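Good morning, and thank you for making the time.

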Amino acid sequence: MTEKEARKELMRRAKDLSPTVHVGKEGIDEGVINEIASQLKNARLIKVKVLGTVDDEPKAVAEELASSTNSVIVDVRGGVVVLTDKRTWTSLSQKKF
């Protein structure tokens, strides 16, 4: 499976998910990073809502979250970021049919 196909599959899975973490005006702190890491460990695929009060663009917030939590950005649309853990990303992108 190519990376594009893996991204498409993960977006299909994330369609029915609701954002479980919200990044507000406080920005990214240790609590947010720990919560995202914990949820990724349990669910493997999560949505994060970046509220309009954040100073940075959602893409920049997504990149910072991904590097801090050792995860992969699946998609950024508006203020919603979809993240997955590296284990899931690797297994899907290397899967052969």
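Thr 88 is buried, at a relative accessible area of 7%; buried here means under 20% relative accessible area, exposed means over 50%, and partly exposed lies in between, with a 1.4 Å probe and protein chains only. Before I continue, please note that this is a predicted model, in which local features need pLDDT of at least 70 and side-chain atom pairs count only at pLDDT 80 or more, while totals for chains, interfaces and linings use all residues. Residues are numbered from 1 along each chain as its sequence is written, and side-chain values use heavy atoms, with hydrogens and water left out.

Thr 88 belongs to helix H4, residues 86–93; helices (H or I, at least four residues) and strands (E, at least two) are DSSP runs, numbered from the N terminus. Leaving aside neighbours within four places in sequence, Thr 88 is in contact with Leu 10 and Arg 44, where contact means heavy atoms within 4.5 Å.

Which side chain does Asp 85 join through a polar contact of 2.5 Å? The partner is the side chain of Thr 88. A polar contact is a pair of N or O atoms within 3.5 Å; within protein, one must be able to donate a hydrogen and the other to accept it, and residues adjacent in sequence count only if both atoms are side-chain atoms. Asp 85 is found in strand S4 and counts as buried because its relative accessibility is 10%. Not counting residues up to four places away in sequence, Asp 85 touches Leu 40, Arg 44 and Ser 71.

Let me turn to the sheet. Four strands form an open sheet in the order S1-S2-S4-S3, with mixed pairing; two strands pair if DSSP finds at least two bridges between them. The edge strands, S1 and S3, each pair on one side only. On average, neighbouring strands are turned by 25° against each other, direction ignored. H3 packs on this sheet, touching S1, S2, S3 and S4, and its direction makes about 165° with that of S3. H4 also packs on the sheet; it touches S3 and S4, and its direction makes about 80° with that of S4. For these angles, axes are lines fitted to C-alpha atoms, for helices over the stretch in contact, and the values run from 0 to 180 degrees between N-to-C directions.

S1 and S2 pair in the parallel sense over three bridges, and Val 23 stands opposite Val 50 in S2. S2 and S4 are antiparallel over five bridges, with Leu 45 opposite Thr 84 and Val 48 opposite Val 81. S3 and S4 are antiparallel over six bridges; they form a hairpin with two residues between them, and Gly 78 in the turn has a positive phi of about 60°.

The largest nonpolar core has 16 residues, of which Ile 36, Val 48, Leu 65 and Leu 83 touch the most other members. Such a core is a set of buried Ala, Val, Leu, Ile, Met, Phe, Trp, Tyr and Cys residues joined through side-chain atoms within 4.5 Å. H3 gives the largest share of this core, four residues. Apart from it lies another core of nine residues, including Ala 6, Leu 45, Val 74 and Leu 92.
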